[in-house]
Every structure is written in structure tokens, then in C-alpha cells.
Amino acid sequence: MIRYIIRRLLISIPVIIAASFLCFGLTTAMGDPLGEWKLQKPRTPAEIAAAEERAGTNAPFFERYVTWATNFVQGDWGTTVTPGNGTQDVKDKIFKAVGVTARLVIGAELIALTIGLAIGVLGAVRQYSIFDYTATGLAFTMFSMPLFCIAIMIKYAGIEFNNFLQQLGMDRWLRTAGPPDGGFSGSVTDQVYQYSGAYILPTICLVAIQFAVYSRYQRASMLDTLNADYVRTAQAKGISQSRVIFRHAWRNALIPITTVFTLNLGALIAGAIITETVFGWQGMGRVLLDAVNKKEPYMVLGFLMVTAVATIVLNLIADILYAVLDPRIRLD
């Protein structure tokens with residue numbers, strides 16, 4: 001196992017290098033980050049040359065890449081280069097955004113996974129029952145609806161719920177915007193009240209979509225496993241149905257879900273862009289949108305590299321979990 005992990009990590013190094021080169025090329029193709037600044041008013045050649053020198057856009061492509069990659073490995077991810085917007089450290093801003101996104105999506109993913117697994121297993125065991133048809137219809141409804149529609153409906157429902165609380169003489173609870181930069185203040189009870197109100201709407205939005213994915217995968221995988229020879233053999237031996245399901249069938253049926261969960265988590269760490277936009281969270285999704293709109297190359301590169309590393313690490317974790325769930329799988 002240790003040798004396998006070390007080998008995978010060593011293989012990941014050229015993958016990350018290739019990904020960084022590709023990301024740098026794509027980021028450079030976004031355009032000139034100083035383009036809008038140059039058009040705001042007439043600039044002298046000296047002003048333009050000085051701004052390009054600070055932004056590093058006056059050097060050849062390969063020289064820029066080597067300089068950026070060398071600094072990145074040493075921990076210097078660069079700063080924002082668009083004049084007039086202030087200078088921000090890329091690494092600090094991205095790490096802050098990663099923390100915001102992680103707090104939002106990890107909890108939502110775990111809730112969605114728990115609900116999805118329960119519904120998927122029950123739907124497979126009670127195939128073609130009323131419960132199975134209802135869960136299938138709900139899952140396909142979630143699949144077919146665009147995420148921004150679900151987010152807007154949930155936000156509207158939250159606003160109406162707050163109006164109802166006000167009619168009862170109570171304070172508005174559900175927030176339609178994320179927590180402030182400095183967090184909430186007050187007593188522990190006040191903070192729990194405020195943070196729960198900020199998290200509940202975007203969490204419901206993410207859970208509504210993700211549970212449908214997990215339930216469908218779990219149901220299909222569980223049906224395949226229940227029809228396997230070793231499961232029928234266990235049933236023929238007189239082993240209780242609950243033990244057959246959870247000790248023999250469910251564990252192997254989790255293997256496809258492991259892949260889906262790790263890939264989903266990696267994608268959501270990159271930012272739940274629509275959810276963050278609708279509910280006003282300053283996470284990775286908003287960082288990417290702002291960086292692309294302002295053509296901030298180092299901010300986009302930092303975002304892409306964090307996403308690439310997270311995807312590689314989560315794929316490695318998925319492979320390790322395969323061996324844990326199925327002893328027949330050997331990682332040599």
C-alpha cells in the first residue's frame with residue numbers, strides 16, 4: 001500500500017507539470033489583463049511599459065511560465081495585476097475561498113451521501129414499490145431541473161419563511177447571503193443561530209441535487225449486487241435478510257459510489273459557482289468568476305492548480321478506499 005501511494009504521488013508530478021503548462025497557456029489566452037486599463041484614458045508609453053513590467057506580460061511566454069512555476073513551487077503565487085483594484089495576494093485569497101467553499105460543500109455532500117445511500121438501498125430492496133417509484137420520480141425531477149432554478153426557488157422560499165417569522169413577531173432567521181468576512185459576533189447561542197441561518201439554504205440547494213445522484217447510483221449498484229451468486233448463496237444458507245444486505249451486498253455496492261463521491265467532492269471544492277452566486281458566498285466559484293471577468297492571470301492559475309491537486313489527491317483516496325471495501329482488490 002505504501003509503495004503504491006508513493007508511486008502514484010511520483011506519477012502525479014509530471015501530470016501536475018503538464019496541467020500547469022496547459023493552464024498557463026489557457027490563462028494567457030484570456031487576453032491582456034491591462035487591456036481595459038489601457039482603454040480607460042490615453043496612456044503614455046512609459047506608463048504602459050511600467051504596468052506591463054509589474055504584471056509580467058512583457059516577457060516571452062516560456063520565460064513567463066518558468067518564472068511563475070518557480071515562484072509557485074516556492075510558495076509565491078503572485079499578486080493581482082489589474083491596476084486600480086488594489087493589490088491582493090493570490091495565495092491568501094484562494095486559501096480563504098477554499099475554506100469558505102469547504103465549510104459549505106463538505107457538510108452538504110455528507111448529508112446528501114447519507115440520504116442518497118439510504119434511499120438507494122431501500123429502493124433496491126423494495127424494487128417497484130411505491131417508495132421506489134416516488135424516490136425515482138423525485139430523483140429524476142432533481143436531475144432535470146437546472147441548478148439555478150432550484151437555488152432561486154429555495155431562496156424565495158427562505159424569504160417567505162422569514163416574512164412568516166416576522167408576522168409572528170420573531171426575527172428573520174434564514175440568510176440569503178453568506179456570512180460576513182469577519183464572521184458573526186455575539187454569544188455562542190447567537191452565533192449558532194446566525195450561522196445556521198446562513199448555511200441552511202445553500203446546503204438544502206446542494207443536497208437537493210447531489211442526493212439524486214447518489215440514490216440513483218446506489219440503487220443501480222445495489223440491484224446488481226443483490227443478483228450476484230454470492231448473495232444468493234448467502235440467502236440459501238438461511239442468513240438473515242438484514243445481514244445479507246448490509247454485510248454481503250451493501251459493502252460491494254459502495255465501490256461505484258466511492259468514485260462518484262470523490263469526484264463530486266473535487267468538483268465542488270473548485271466552487272459551487274451557481275449556489276455561491278445566488279446565495280452570495282465568497283467561495284472558490286466567486287473567486288473564479290471575478291478573476292475571469294478581470295482577466296487576473298495569477299488568480300485563475302492559483303484556482304486551477306488547487307483544483308488539479310485536489311482532483312489528483314481525491315482520486316488517490318478513492319483507489320485506497322476500493323481496497324478497503326473489497327479485499328479482492330490489491331494495490332501493488
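Let's start at Y128, which is exposed with a relative accessible area of 56% (exposed means over 50%, buried under 20% and partly exposed in between, using a 1.4 Å probe and protein chains only). The model is a predicted one, in which local features need pLDDT of at least 70, side-chain atom pairs count only at pLDDT 80 or more, and totals for chains, interfaces and linings use all residues. Residues are numbered from 1 along each chain as its sequence is written, and side-chain values use heavy atoms, with hydrogens and water left out.

**The chain as a whole**

- The protein chain has 13 helices and 0 strands; helices (H or I, at least four residues) and strands (E, at least two) are DSSP runs, numbered from the N terminus.
- Following the sequence, the pattern reads α-α-α-α-α-α-α-α-α-α-α-α-α.
- Along the principal axes, the C-alpha atoms fill a box of roughly 85 × 65 × 40 Å.
- Of the 332 residues in the protein chain, 42% are buried.
- Among contacts with a separation of 6 or more, 71% link residues 24 or more positions apart, where contact means heavy atoms within 4.5 Å.

**Two loop residues with positive phi**

- Y128 is not a glycine, yet it has a positive phi of about 65 degrees.
- You will find Y128 in the loop between helix 5 and helix 6.
- K295 also is not a glycine, and its phi is positive at about 55 degrees.
- The loop that holds K295 runs between helix 12 (284–294) and helix 13.
- K295 is partly exposed, with a relative accessible area of 33%.

**Helix 1 against helix 13**

- Helix 1 (residues 2–28) packs with helix 13 (residues 297–325) at an angle of about 155 degrees, and their axes are 10 Å apart; axes are lines fitted to C-alpha atoms, for helices over the stretch in contact, and angles run from 0 to 180 degrees between N-to-C directions.
- That angle makes helix 1 roughly antiparallel to helix 13 (under 35 degrees counts as roughly parallel, over 145 as roughly antiparallel, 65 to 115 as roughly perpendicular and the rest as oblique).
- On the helix 1 side the contact includes Y4, R8, S12, I16 and F24, and on the helix 13 side it includes P297, L301, M305, V309 and D319.
- The residues of this contact divide into 16 nonpolar, 4 polar and 2 charged; Ala, Val, Leu, Ile, Met, Phe, Trp, Tyr, Cys and Pro count as nonpolar, Asp, Glu, Lys and Arg as charged, and the others, Gly among them, as polar.
- S12, in helix 1, is buried, with a relative accessible area of 11%.

**Helix 1 against helix 4**

- Helix 1 and helix 4 pack at an angle of about 125 degrees, with their axes 11 Å apart.
- The two helices, helix 1 and helix 4, are therefore oblique to each other.
- Helix 1 and helix 4 meet in a right-handed crossing.
- I17, S20, F21, F24, G25 and T28 of helix 1 make this contact with F61, F62, R64, Y65 and W68 of helix 4.
- By class, the contact of helix 1 with helix 4 has 7 nonpolar, 3 polar and 1 charged residues.
- R64 belongs to helix 4 and counts as buried at 17% relative accessibility.
- Leaving aside residues up to four places away in sequence, R64 touches F24, T28, G56, T57 and A59.

**Two more places to look**

- T80 sits in the loop between helix 4 (61–73) and helix 5 (90–125) and is buried, with a relative accessible area of 9%.
- A polar atom of the T80 side chain lies 2.9 Å from the backbone nitrogen of Q88.
- L138, in helix 6 (residues 130–144), counts as partly exposed at 43% relative accessibility.
- L138 and A212 are 74 residues apart along the chain, and their C-alpha atoms are separated by 7.7 Å.

Notes. Polar contact = N/O pair within 3.5 Å; in protein donor to acceptor, adjacent residues only side chain to side chain. Left-handed = near helix turned anticlockwise from the far one by under 90°.
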